[in-house]
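Please keep the sequence and the 3D view open while working through the points below.

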Amino acid sequence: MNTSSLQAGIRRALQRYLLGCWPPVAVVLLALAFFGSTGILAQQPKPSEYQVKATYLYNFGRFVKWPGTVPTGKGDSFSVCVLGQDPFGPILDSTLAGEALDGKPVVLRRISKPQDAGDCRILFISSAEEKHLKEILAALDESGVLTVSDMPGFARRGGMIQFVLEGDRVRFEINLASAENARLVLSSELLKVASSVKRSGRSGD
Amino acid sequence: MSMRQDNSISRKLTWMNMLVCGAALLLACTAFIAYDRVTFRESKVLNLSTQAQIIGSNSVSALLFNDPQSAENTLSALKAAHNVLSAGIYTPDGRLFASYSRDPGGQILALPSIPSGQAEIHWLKNDEIDLVRSIVFQGKPTGTVYIRSDVEELNGRLRRYAGIAGIVLSACLMAALFVSSIFRKSLADPIVRLAEVAKVVSRDKNYSVRATPTRDPAELAILIDAFNEMLAQIQQNEKALRKAHDGLEQRVLERTAELEAAKKEVEEFSRSILRAKEEVERGSKFKDQFLSTMSHELRTPLNAVLGFSDLLADERYGPLNGKQQRYVSHIHTGGKHLLSLISDILDLSKIEAGRMELAIESLRVTNTLGEVISVMQPLAEKKSQVLTKQVESDLLVRADSTRFRQVLLNLVGNAIKFTPNGGRIELAARMVQGKVRVEVRDNGPGIPPEEQQRIFEAFYRLRETGKKTEGTGLGLAITHRLVELHGGELSLESQVGQGSCFYFSLPVAVNVSEAPSSKVEPTQKQTRRPRVLVIEDDRAAAHLIQSQLTSAGYEVMICLESQNALEAAAQFQPGAITVDIVMKPKNGWEILSQLKRDPRTQQIPIVVVSIVDQPGMGALLGADEYLVKPVEKDTLLAAIARRINNRSAAAPIRTILVIEDDAATREFIAEMLVAQGYNVATAADGAQARAQVAATLPELVILDLVLPEASGFELLGEWRANPRTADLPIFVLTSKDLTQEEQRYLRAHAESLFHKQQPWHEALLKQLARVVSRDAAVKV
């Protein structure tokens with residue numbers, strides 16, 4: 001998209017609406033529009049893989065419904081937990097800072113043992129925990145925790161959402177059966193944009 | 001229906017219906033379509049907004065999880081909406097995320113910013129509706145949807161509406177036409193019929209037709225009834241009018257015939273009047289000619305009679321015995337009476353014929369009265385009567401001087417005649433009511449009342465019963481008419497035994513023009529006194545001589561510069577010159593010899609008046625007299641008088657030329673002049689006179705005006721035009737009745753004018769003596 005043509009278009013549109021009223025006002029608004037537009041267009045840093053993943057992690061929370069009976073742990077907060085070695089670093093902190101999900105403030109917790117994940121709503125499982133995946137998933141079974149990881153074969157092995165890379169793009173696969181087992185309802189919107197969805201049991205790809 | 005109904009009321013009604021109907025429908029359709037357009041657009045926008053909302057909410061996950069494919073799938077659902085041209089989904093940072101275009105190669109839309117606080121904006125441009133809606137998910141802006149739709153559907157709708165409106169409109173118009181045709185029958189048709197009737201009435205003047213009555217619209221019924229009633233009335237009136245008209249025509253015809261006849265009569269009459277007038281004019285002309293001829297022909301022989309009897313009475317040609325003297329006296333008296341009778345008759349005829357012309361001027365009354373008294377005084381004295389006048393000296397009157405005098409002479413003459421010896425006659429003039437009242441009063445026997453009325457009639461004579469009275473009996477009649485001609489009336493107051501008073505009033509004059517009071521009065525030319533040139537360089541001496549000469553009646557000119565003496569003498573042409581001897585720069589001797597050498601001055605007698613006692617030298621140089629200073633006044637005057645008289649005696653004796661065609665008169669005048677010692681030549685006609693004057697310049701000319709060959713007027717004109725004869729004194733003696741024009745001319749060009757009608761002998765001789773005295777006169 002051409003920046004200058006966009007600016008010209010904006011300017012023309014504004015002229016059409018405002019020139020009729022009061023020229024000075026029109027001029028001021030034109031100037032604002034100009035600087036404002038250049039300000040918006042100036043911020044275009046390419047987001048890193050984990051930045052995207054951090055955002056997705058948060059967005060998953062917006063398309064999932066947790067069962068009403070789920071014990072909410074400390075009650076007033078929405079816990080996002082990272083199990084094992086943290087690949088995000090401070091990015092996740094900053095992404096989630098001040099956000100709210102399901103009407104509650106989001107709290108980030110880093111845990112090392114699956115037993116600690118009882119009150120987590122979303123649990124990111126580090127790739128480093130691949131060996132212990134079976135135990136971890138078993139521990140969480142039917143506990144209403146949305147499990148997310150970027151380890152290969154995660155969804156196939158019973159995980160719910162697995163990040164996959166298609167070139168530069170970060171996408172994700174969904175194991176709907178696992179989610180349903182945990183009585184989580186994933187929005188059709190989320191399913192729509194997933195790269196693949198596993199539906200019945202562990203039938204695989 | 002006829003062609004005239006293009007503009008008829010029925011056509012107008014139809015049009016009105018159609019127009020009202022059409023206009024209402026058109027307005028309704030337009031309003032409806034406009035409303036529909038607005039509402040349609042609103043619904044369209046709402047529709048678009050809904051679509052944008054659906055697309056937005058279906059694209060949230062695609063946006064959040066960066067799946068453009070999914071978003072485009074969502075957008076492709078817009079294929080079902082044919083009106084959507086293109087659409088786009090944008091990320092919150094303005095990047096195009098997914099797009100849709102109905103037509104391949106459709107343009108990608110540029111995203112406008114949505115003003116903060118608004119979820120959606122839309123606008124219409126080039127038959128396209130653009131709508132931009134932000135996508136909000138769970139309270140967070142997630143992206144933007146942009147949809148562009150065409151309004152082809154709206155245009156199609158409008159076309160459809162137009163079609164429907166057209167159909168409805170034409171249907172309505174048809175209906176209106178139908179309705180109006182129904183109305184026309186009841187409303188327009190009666191009016192049209194009424195108009196046709198009115199047309200017939202106005203075109204054919206046929207007032208017997210009637211409009212068909214109608215009942216439907218009440219007003220029209222009234223109108224038609226009134227119209228019919230009016231027609232009936234007009235018809236009735238017209239009938240009456242025609243009847244009157246027919247009668248009138250008859251009368252006019254009769255009257256025209258009468259007038260025609262009268263006109264013919266008048267024309268006949270006017271022709272006869274014209275003939276009579278011509279006859280009268282001819283008669284009047286003959287009368288004028290006759291009068292003119294008679295005045296000349298009658299007077300000429302009478303002049304001879306009177307003149308010769310006068311000469312005989314003078315006993316110049318031998319003594320007369322007593323009888324002869326008496327007879328001559330009878331001849332003279334009879335002639336004079338005859339002459340005055342002729343004059344009176346001619347005057348009266350002239351007045352009666354309206355040929356009497358008055359030369360009205362301003363006159364000083366006292367002068368005229370004085371003249372009259374001086375003329376009548378001798379007559380009055382003969383009868384020992386006292387003749388007086390009483391008049392203010394500055395009283396002026398407007399009158400013809402000759403006629404005014406004639407009136408007075410007549411009245412005074414009558415008074416003298418009828419008043420006994422020793423009576424008293426008074427002439428008086430005074431202002432009465434802004435007019436000058438002139439009275440002639442005597443203390444004679446008076447006139448009885450029964451005669452007072454008749455006294456002014458012609459040929460009436462007082463006391464006819466025996467007593468001998470002189471006069472023609474015309475005097476008072478003429479006087480009466482003359483006063484009338486002056487604008488006054490001659491009246492009489494008299495009582496028997498007390499005396500009579502004749503009086504009349506004349507208009508007062510404002511100022512007097514000092515015209516000559518008498519025609520025989522000499523002009524200035526003839527009053528010239530003998531002139532003397534005094535050549536003297538001493539001023540005191542010169543003035544002494546001048547005062548001495550002036551006292552004796554000479555006209556004196558002084559020349560103080562001796563060098564100018566010759567020119568002064570030549571120019572001044574004096575009767576005599578006095579010259580001093582001792583003068584500078586030229587002395588008297590030189591001047592004397594110069595004057596005697598110069599042909600212009602050698603005739604002039606020169607008197608030397610000097611202290612130098614050399615008479616011999618003077619005589620030698622041509623001086624006529626030589627006086628040694630101091631000179632006594634008497635000596636000087638005697639010398640001058642001697643020289644002036646001597647000179648005339650010495651000058652060649654010139655003659656008086658009498659030009660007169662009547663032999664007797666000519667001879668009489670010549671005799672009269674010769675008797676007075678004048679040298680006389682005669683000429684019998686104009687040609688002779690002309691030749692004689694050309695041969696030798698006469699001293700003076702006595703000229704008759706009526707002459708064969710060349711008239712007196714012609715001669716006068718010729719001579720006055722010629723420098724040689726320009727100064728020739730000319731006396732005009734005529735019996736011709738002169739017009740005012742002629743009188744003026746003669747006064748300007750002749751020295752004197754004498755009328756043979758009046759006593760002229762003595763006046764002529766007197767005037768002659770005055771003019772000729774300087775030169776030829778007084779050899780006696």
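**Chain A**
- Chain A has 205 residues, of which 31% are buried.
- Its secondary structure consists of 7 helices and 10 strands.
- Among the contacts in chain A with a separation of 6 or more, 59% join residues 24 or more positions apart.
- The mean pLDDT of chain A is 77, and 71% of its residues reach 70 or more.
- Over residues 18-44 of chain A, pLDDT stays under 50, and the model has 19 contacts beyond four places in sequence for this stretch.
- Where pLDDT is low, the predicted coordinates should not be read in detail.

**Chain B**
- Chain B has 780 residues, and 29% of them count as buried.
- Its secondary structure comprises 19 helices and 22 strands.
- Of the contacts in chain B with a separation of 6 or more, 64% are between residues 24 or more positions apart.

**Helix H3 of chain B**
- Helix H3(B) covers residues 152-204 and bends by about 55 degrees at Arg184(B).
- Arg184(B), the residue at the bend, is also one of the buried residues of H3(B).
- Just after H3(B), Lys205(B) takes a positive phi of about 55 degrees.

**A sheet in chain B**
- An open sheet in chain B is formed by 5 strands in the order E19-E18-E20-E21-E22, with parallel pairing.
- Strands E19 (680-683) and E22 (752-755) of chain B stand at the edges; each has a single partner strand, so one side of each is left without a neighbour in the sheet.
- From one strand to the next, the twist averages 20 degrees.
- Within this sheet, E20 and E21 follow one another in the order; strand E20 (residues 700-703) and strand E21 (residues 730-734) of chain B pair in the parallel sense over 3 bridges.
- Which residue of E21(B) stands opposite Val701(B)? The residue opposite Val701(B) is Ile730(B).

Definitions and conventions: Residues numbered from 1 in each chain as written. Chains lettered and ligands numbered in written order. Predicted model: local features only at pLDDT ≥ 70, side-chain atom pairs only at ≥ 80, totals over all residues. Bend = angle between axes of the 7 residues up to and from the residue. Helix = DSSP H or I, 4+ residues; strand = E, 2+ residues; numbered from the N terminus. Buried ≥ 20, exposed ≤ 12 C-beta atoms within 10 Å, placed from the backbone. Pairing = 2+ DSSP bridges. Axes fitted to C-alpha atoms, helices over the stretch in contact; angles between N-to-C directions. pLDDT = per-residue confidence, 0-100. Contact = placed C-beta atoms within 7 Å.
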